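The following note was prepared for a colleague who wished to have a written account of this structure. The points are set out in numbered order.

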Amino acid sequence: MKKLLCLLSILSFLTTSAFAQTVPAGTEIVLGLKRHKSQRTMHSKLNAIVKKDVYIDDKLVFAANDKAEIYILKNSKAKFFGRGGTLILSGGMVYDVNGKAHDVEIQEQYTGKNAPFLAKLLIFKKGQNVVIYPSQNFVVKLSQKFKI
């Protein structure tokens, strides 16, 4: 009986692994935000969503509206003398249809507008902070391949 159970478990493992799809590293995923975010309210990460479905060999891997995170590497808010803010995004996580997290690569920098020259003469006039709107898309790439 033990031998039969072992044989059945090995066969079931082989059949499931034969149908497993490999999602290659470098697969592009389009992310976005649900609502606009100002640099003043950003901390260590942005909560994002998958904007477009991603299929590998006709199998859904990342569905639209799945959860994702984009990490903030640097967040320098607008400064005095009319200088705008700086925001650098680097790396993140995307969750597949099974709910497993996968590392993604992104490297983007945003800069807020500086105040006009005449406004710079006023010492306490700040520049603008970076604002990211839901229409902004972030194209990220998978860091490592995985099976689904």
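The points below go from the overall fold to strand pairing, the core and individual residues.

1. Basis and overall make-up. The model under discussion is predicted. The protein contains two helices and 12 strands, and their order along the sequence is α-β-β-β-β-β-β-β-β-β-α-β-β-β. Of the contacts with a separation of 6 or more, 63% are between residues 24 or more positions apart.

2. Burial and surface. Of the 148 residues in the protein, 36% are buried. The accessible surface is about 9700 Å², and carbon and sulfur atoms account for 57% of this area.

3. Pairing around β4. Strand β4 (residues 45-50) pairs with strand β2 (residues 28-32) in the antiparallel sense, over two bridges. Within this pairing, Leu31 stands opposite Val50 of β4. β4 also pairs with strand β7 (residues 67-76), again in the antiparallel sense, here over five bridges. Ala48 has Ala68 in β7 as its bridge partner.

4. Pairing around β11. β2 and β11 run antiparallel and are joined by four bridges; Ile29 has Val140 in β11 as its bridge partner. Strand β9 (residues 101-111) also pairs with β11 in the antiparallel sense, over two bridges, and Val104 has Leu142 in β11 as its bridge partner.

5. The two faces of β11. In a regular strand the side chains alternate between the two faces of the sheet. In β11, the covered face consists of Phe138, Val140 and Leu142, while Val139 and Lys141 form the uncovered one.

6. In soluble globular proteins, nonpolar side chains tend to be buried together. In this model the largest nonpolar core has 28 residues, and those that touch the most other members are Ile29, Leu31, Phe62, Val94, Ile132 and Phe138. Two or more residues each are given to this core by β2, β4, β5 (54-56), β6 (59-62), β7, β8 (86-95), β9 and β11.

7. Ile29 in its surroundings. Which residues is Ile29 in contact with, leaving aside its neighbours within four places in sequence? They are Val50, Val54, Phe62, Val94, Val104, Phe138, Val139, Val140 and Leu142. Among these, Phe62, Val94 and Phe138 are, like Ile29 itself, listed with the core residues that touch the most other members.

8. The aromatic pair. The count of aromatic pairs comes to one. The ring centres of Phe62 and Phe146 are 6.2 Å apart and the ring planes are at 75 degrees, so the arrangement is edge-to-face. Because Phe62 belongs to strand β6 and Phe146 to strand β12, the pair ties together parts that are 84 residues apart in sequence. Phe62 is buried at 0% relative accessible area, and Phe146 is also buried, at 11%.

9. Thr27. This residue is in the loop between β1 (22-23) and β2. Is Thr27 buried or exposed? With a relative accessible area of 11%, Thr27 counts as buried, because the cut-off for burial is under 20%. A polar atom of the Thr27 side chain lies 2.6 Å from the backbone oxygen of Pro24. Apart from its neighbours within four places in sequence, Thr27 is in contact with Val54, Ile56, Val140, Lys141 and Leu142.

10. Lys145. The loop between β11 (138-142) and β12 (146-147) holds Lys145, which is exposed at 62% relative accessibility. Its C-alpha atom is separated by 4.4 Å from that of Ala25, although the two residues are 120 residues apart along the chain. Leaving aside neighbours within four places in sequence, the contacts of Lys145 are with Thr22, Val23, Pro24 and Ala25.

11. Asp58 is in the loop between β5 and β6, and Asn65 is in the loop between β6 and β7. Asp58 is exposed at 78% relative accessibility, and Asn65 is exposed with a relative accessible area of 58%.

How values were computed. Residues numbered from 1 in each chain as written. Predicted model: local features only at pLDDT ≥ 70, side-chain atom pairs only at ≥ 80, totals over all residues. Heavy atoms only, no water. Buried < 20%, exposed > 50% of the residue type's maximum accessible area, 1.4 Å probe, protein only. Contact = heavy atoms within 4.5 Å. Areas by Shrake-Rupley, 256 points an atom, 1.4 Å probe, with all protein chains shown as cover. Pairing = 2+ DSSP bridges. Core = buried A, V, L, I, M, F, W, Y, C linked by side-chain atoms within 4.5 Å. Polar contact = N/O pair within 3.5 Å; in protein donor to acceptor, adjacent residues only side chain to side chain. Phe/Tyr/Trp six-rings, centres within 6.5 Å; stacked < 30°, edge-to-face > 60°.
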